[in-house]
Amino acid sequence: MRTRFETVRECFQDLHRSGRETGASLAVWYDGRPVVDLTSHSRHTDNVTSHAGRDSLVNVYSVGKPVAALCLLLLVDRGRLDLDDPVGRHWPGFRTPATVRQVLSHTAGLPTFPVPRPAAAFADWALLADDLATAEPEWAPGTAAGEHALTYGHLVGELVRRVDGRSIGRFLAEEIAGPWQLDLHFGLGTAEQRRCADLTYGDPDWPTTVRGEPGSLWARALGNPAGALDLAVVNGAAWRAAEVPAVNLHATGGGLARCYAGLLAGGTLDGVRLLGAGLVDEFTRVQYTGPDLLLGRDVHWTLGMQWEE
């Protein structure tokens, strides 16, 4: 680590020693180069290092949404589909008159899976995709926004599958993670599962409080299928093996940092071009500004990311 960033290490170490964090990974690139790569683990030991444990995979929840979007944008860059194509052009039977752009920017009107499902449904991609294909939108596509908390990855991922033929997990591995050497995964095999760190919540009541008012649109979006906020589910083998791209990217801090370094460089990393700089600009351009019907506040949505002011 560069000397000028030593205070970052000190702050990170303090979080670990104080018990405010039981495990964490921090990777930072500056001026096109990695300058920080830290990992902490085990609340009760002074074990903060730039090496040990940094290959542990963690379920990073919605941090995976931009990665899912990137998969679809690669196909846009290659001319396989257009941002303003109707989804139904590529996904026969999809009833909602939404465009690819609206799916990517959380304005498609499909923030909830319409049929109540148990946690086991996360392992059945076709079932959940079919549920979305026949769903009635909560609002006319393009007229409002609302975070597609769990549905985002299936909407994006099914478009990837329909256009390319591969699942989004395989596409990520072969077209993005491999070429750019990123430790990012949708759907873990046995070897990757052995590297997983279990999640814990700093506030044990967080899964209840984050859902908000029972029966609200936000509660329905987070609660179906059941289990996405249940540690017994998300720390289990079935969840880790499944592809739930909205919320179950498993990643290292270094893998995420490399991914964004490539995007900040205009879509090329270590000489490997994934997509053009023009599409990177479109990826990060604000597509919607206004109230988010699920989050209950004003937002700025890009094609997969939310800008905060």
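Which helix do E6 and R9 both lie in, and how many residues apart are they?

1. **Basis of the note.** This is a predicted model, in which local features need pLDDT of at least 70 and side-chain atom pairs count only at pLDDT 80 or more, while totals for chains, interfaces and linings use all residues. Residues are numbered from 1 along each chain as its sequence is written, and side-chain values use heavy atoms, with hydrogens and water left out.

2. **E6 and R9.** To take up the opening question, E6 and R9 both lie in helix α1 (residues 6-18), 3 residues apart, which is about one turn of the helix. Helices here are DSSP runs of H or I with at least four residues, and strands are runs of E with at least two, numbered from the N terminus. An α-helix has 3.6 residues a turn, so residues three or four places apart point the same way. The side chains of E6 and R9 meet in a salt bridge, at 3.9 Å from N to O, where a salt bridge is a side-chain nitrogen of Lys or Arg within 4 Å of a carboxyl oxygen of Asp or Glu. With 32% relative accessibility, E6 counts as partly exposed; on this scale buried means under 20% relative accessible area, exposed means over 50%, and partly exposed is in between, with a 1.4 Å probe and protein chains only.

3. D84 counts as partly exposed at 45% relative accessibility, whereas R101, at 19%, counts as buried.

4. **A network of charges.** Salt bridges also link R78, D164, R166, R170, E174 and E175 in a network.

5. E147 is found in the loop between α5 (125-133) and α6 (152-164), and at 11% relative accessibility E147 counts as buried. Leaving aside neighbours within four places in sequence, E147 is in contact (heavy atoms within 4.5 Å) with S62, K65, H106, P111, W218, D292, L294, L295 and W301.

6. **Helix α13.** The 12 residues of helix α13 (residues 253-264) should span 16 Å at 1.5 Å a residue, and the end C-alpha atoms are 16 Å apart, which agrees; the expected span is 1.5 Å times one less than the number of residues. Since 9 of the 12 residues of α13 are buried, this helix is largely enclosed by the rest of the structure. The buried residues are G253, G255, L256, A257, R258, C259, A261, G262 and L263. Just after α13, G266 takes a positive phi of about 90°.

7. **Backbone points to check.** The peptide bond from N224 to P225 is cis, with omega near -5°, and P225 lies in the loop between α10 (217-223) and α11 (231-234). D31 has a positive phi of about 55° although it is not a glycine; D31 lies in the loop between β1 (23-30) and β2 (33-41) and, at 70% relative accessibility, counts as exposed. Q181 likewise has a positive phi of about 55° without being a glycine. Q181 is placed in the loop between α7 (168-180) and β5 (184-185), and at 60% relative accessibility Q181 counts as exposed.

8. **Aromatic pairs.** The structure holds 4 aromatic pairs. The rings of W91 and F94 have their centres 4.7 Å apart and their planes at 40°, so the pair is tilted. Rings of Phe, Tyr and Trp (its six-membered ring) pair if their centres lie within 6.5 Å, and planes under 30 degrees apart count as stacked, over 60 as edge-to-face and the rest as tilted. W91 is buried, with a relative accessible area of 1%, and F94 counts as buried at 8% relative accessibility. Y201 and W206 form another tilted aromatic pair, 5.0 Å centre to centre with 55° between the planes. Y201 counts as buried at 16% relative accessibility, whereas W206, at 31%, counts as partly exposed.
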